[in-house]
Protein chains: 2
Amino acid sequence: MHRPPRAAPHATPALTRVEAVMRDIRQRIENRSLCAGKRLPSIRAQAEALGVSRSTVVEAYARLAAQGLIESRPGSGYYVGRQLTPFNVAEVQPAGTASSDPVWVTRQSLLADANSLKPGCGWLPESWMPEQGIRRALRTLSRQPLAPLTGYGTPQGSPQLRQLLSHRLAERGVQVPPAQLMLTESGTQAVDLLCRFLLQPGDTVLVDDPCYFSFQAMLRAHRAKVVSVPYTPHGPDVAAMAQCLAEHRPRLYITNAALHNPTGASLSLAVAHQVLSLAAQHDLTIIEDDVFADFEHHPAPRLAALDGLQRVIYVGSFSKTLSASVRLGHIATRADWIGQLVDLRLATSFEAGHFSAELLHTLLASGTYQRHMNGVRTRLAEAMGMVLERLQSLGITPWYRPHAGMFVWCRLPEGVDAVQLADHALHTHGLLLAPGNAFSLSQNAARYMRFNVAQSLSPAIFEALARSLQACASPSVPAP
Amino acid sequence: MHRPPRAAPHATPALTRVEAVMRDIRQRIENRSLCAGKRLPSIRAQAEALGVSRSTVVEAYARLAAQGLIESRPGSGYYVGRQLTPFNVAEVQPAGTASSDPVWVTRQSLLADANSLKPGCGWLPESWMPEQGIRRALRTLSRQPLAPLTGYGTPQGSPQLRQLLSHRLAERGVQVPPAQLMLTESGTQAVDLLCRFLLQPGDTVLVDDPCYFSFQAMLRAHRAKVVSVPYTPHGPDVAAMAQCLAEHRPRLYITNAALHNPTGASLSLAVAHQVLSLAAQHDLTIIEDDVFADFEHHPAPRLAALDGLQRVIYVGSFSKTLSASVRLGHIATRADWIGQLVDLRLATSFEAGHFSAELLHTLLASGTYQRHMNGVRTRLAEAMGMVLERLQSLGITPWYRPHAGMFVWCRLPEGVDAVQLADHALHTHGLLLAPGNAFSLSQNAARYMRFNVAQSLSPAIFEALARSLQACASPSVPAP
């Protein structure tokens, strides 16, 4: 009988015996000395043939089966996999053309590789994240008691973490006991849950113009009618809001109070007061999405702080500041709404991020997060100065100079269309930009562009941008 | 000037210097020697006073601030927190009375502490979960490159993991390339996302009677009309289904194909074929929620396998088998639906569990998960035998003896009402039961109860149950 060639488990010191056996079998499958459907030697025969222990072979077979290369047929042994035709691992490809489709920028940003240039991206570069702190927290958690690793959490989410969040919110003037806080899987999920709770299909919802593009996409999913009011450097245009409320009677207003996305502007105390007065007159509920709060040096006024969480529902998250993959959001709202919101979350997504809550609690209670954010704020302030200077040298001017945060909303030179520019930059230079109309319900932002200063530090961005600007500029004087 | 008492950083060897300084300050706040609003000594003064380095004090202050005990006022120093009135840490309390409210059992189960007796619970005990494997995987991840710890994933979710899932599904006969798989935050979120994708408010949806109670709660959130057909030991009652389809024209049918919740029954090949024929006649889309698949010893027929994912959408998850806190679901569906589903998920919850995907991949590729499940299946089989015997000795008989899984659907003795029994057991013995009508749209299951055999191993459960049964039994012969 043909004996398979002997594996050399000790040849490469880096490989364990199990890995060496796995490599050997994998090679024999690849070079067809083991064909599809063929039965592998028994554990005992294989162990003898390769000069390793039976448990080594058991482990190697189990792992190869886990990887789908071989399959176990109980009572019969292991067989080489059916060699399914090579899998089509192609991803869903987004439309190749830049557009003002609200989800386009997100999809492109998620698909771009880590090294690509993406000043239009909505988050910080990976290298800014507190890698060591997260690694340390993971090791801490790996030594902790079982429950947070494997169990479900309480319906409202970790009481410990809600206690810390309550303290943090108090620093921004939002007084909320832990019992009025609930955790969600992310800030986006929090807003979505609130829309479900508050909206009937066909209801009208007010947003800012411009606003975070996902609000538009989400509200479409809720079958809501969306209306908008222009955003000013101090918050929404109050006169326009008064008119819009009278005319369209929206049920809900969704906004960022501080470090508004995409403009980087923040609400003034006067505008906050006027907005709340209008809301009271028109029985408007407000979702204040405050996911950029920790980028601030000094807290701007919050609607939730003025309102005492009567008609304002506050949403926060750490996705933008800590880690996009260990996600967790939270909602602060009226005591009488929390129970219903928890039930709705149980029905639609069951439990929220018990493990993430533990990790976040570890990072907050140790002060790791706070130290990280001190560093991020300083870096962002430096980046903001540098990027604005470079943009201005290309004739791209800030609509408003943000006092903090990563976004700046800019006006392009006369005659340049943002979608056209984004399209050229993507296809000629692989540069991902965020054209203004992706954020604008009125589509009045054709000459605007959102830049993320943390993603705009490479000089290559400005060289590419200069060339694309030149290519897209329509001559202001007609050619002779 | 009063000098604060000197801390003894070396007194307790288990405390670091930082922790000792923290403890000292905490005690002084608690015994009011440091009052609310009072400025703490400067870093330098505190370091000298306590005989520790300045960096120790910096760290201690930062951590106390993170915990909300003191607060930093930039440029001015640290102050004792405003001593907000003691927080109300009370949780939302569920209704104290057992009921057939679909969310009641879930809420009670989540609130019950780890040691309470809960045969009605929908998941495995924590002690059954692969604690060591998860700890090991966490340590592995803590040493890995940055991206999975801090970055967003690709829109469809980890390609590596989808490749493994594709192999695993092939073992159940469901042929699906990774490109037709997408990850979601959980199995529940997957079903919810599909409901959003497929349903208009007012659409009719078909479920099994009995069925997983969260389906009913979720469908209420989607404003769907819900109709049901009785479930038999081989799948839905096909004759009743034909009639229901003709009469109510549901758009969608949501079911478990294998190890149906709550009955533990599985679909036969003949019923599967008939269901798909009916679905084709009536243009019905089917969601096959297969979250219990890995409890099976031998795979039962899947609708998705017969149908080739034309009108059947397949949903899986690891929450029930691996860890409820590291959650991740997946959807397998038609190529032309994946793109739209990904966009809808981006709009409503953004990204799905990048970190969980890495952890799960580690556990699957190492074979840890497979070994864990071999053990779980054996334990469940033993538990099933033992629990059925004990239940039968109390006159509680299985409607069907499941070939695997954790649930058994039982009939109570004549004259005993399940809600009344659950109520008595909860209030007299702290025993959480799952009354049948929580699962039944028709409310025809007043004499049924779902038992989780893995949660029913304590003899105390049967003693309590016997006493509650006695208290709730209405005498079959009227008293003289």
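**Close-up views of a predicted two-chain model**

Chain A exposes about 18000 Å², of which carbon and sulfur atoms supply 52%, the accessible areas coming from the Shrake-Rupley method with a 1.4 Å probe and, for residues, only the protein chains shown counting as cover. This is a predicted model, in which local features need pLDDT of at least 70 and side-chain atom pairs count only at pLDDT 80 or more, whereas totals for chains, interfaces and linings use all residues. Residues are numbered from 1 along each chain as its sequence is written, chains are lettered from A and ligands numbered from 1 in the order in which they are written, and side-chain values use heavy atoms, with hydrogens and water left out.

**View 1. Overall make-up of chain A.** Chain A holds 17 helices and 14 strands, where helices (H or I, at least four residues) and strands (E, at least two) are DSSP runs numbered from the N terminus. Of its 480 residues, 59% count as buried; buried stands for under 20% relative accessible area, exposed for over 50%, and partly exposed for values in between (1.4 Å probe, protein chains only). Among the contacts in chain A with a separation of 6 or more, 73% come from residues 24 or more positions apart, a contact being heavy atoms within 4.5 Å.

View 2. On the surface, A:R136, A:R139, A:R143, B:R136, B:R139 and B:R143 gather in a patch of positive charge. Patches are made of residues with over 30% relative accessible area and no salt bridge, like charges being joined within 9 Å and nonpolar side chains (Val, Leu, Ile, Met, Phe, Trp, Tyr) within 5 Å. Lys and Arg count as positive and Asp and Glu as negative, while His and the chain ends are not counted, and the place of a charge is taken as NZ of Lys, CZ of Arg, CG of Asp or CD of Glu. Helix α5 (131-142) of chain A and α5 (131-142) of chain B each supply at least two residues of the patch.

View 3. Most residues other than glycine have a negative phi, and most peptide bonds are trans. In chain B, a cis peptide bond joins B:D209 and B:P210 with omega about 5 degrees, and B:P210 lies in the loop between β4 (204-209) and α9 (213-221) of that chain. A:Q443, a residue other than glycine, has a positive phi near 55 degrees; A:Q443 lies in the loop between β13 (434-435) and β14 (448-452) of chain A and is partly exposed at 38% relative accessibility. For B:Q443, phi is also positive, near 60 degrees, and this residue lies in the loop between β13 (434-435) and β14 (448-452) of chain B.

View 4. A:T333 sits in the loop between β10 (329-332) and α13 (335-348) of chain A, where it counts as buried because its relative accessibility is 0%. Leaving aside residues up to four places away in sequence, A:T333 touches A:Q180, A:L309, A:I313, A:I338 and A:L341. A:D336 forms a salt bridge with A:R334, the closest N and O atoms being 2.9 Å apart, a salt bridge being a side-chain nitrogen of Lys or Arg within 4 Å of a carboxyl oxygen of Asp or Glu. Both partners are partly exposed, A:D336 at 45% relative accessible area and A:R334 at 24%.

View 5. Over all chains, the count comes to 24 salt bridges. The side chains of B:D294 and B:R172 meet in one of them, at 2.6 Å from N to O. This pair links distant parts of the chain, 122 residues apart, with B:D294 in the loop between β8 (285-289) and α12 (303-307) and B:R172 in the loop between α7 (159-171) and β3 (181-184) of chain B. B:D294 is buried at 12% relative accessibility, as is B:R172 at 14%. A salt bridge also joins the side chains of B:R302 and B:D290 at 2.8 Å, N to O. B:R302 and B:D290 lie in the loop between β8 and α12 of chain B, so the pair ties together parts that are twelve residues apart in sequence. B:R302 counts as buried at 0% relative accessibility, and B:D290 at 2%. In chain A, salt bridges that share partners join A:R168, A:R172, A:D290, A:D294, A:E296 and A:R302 into one network.
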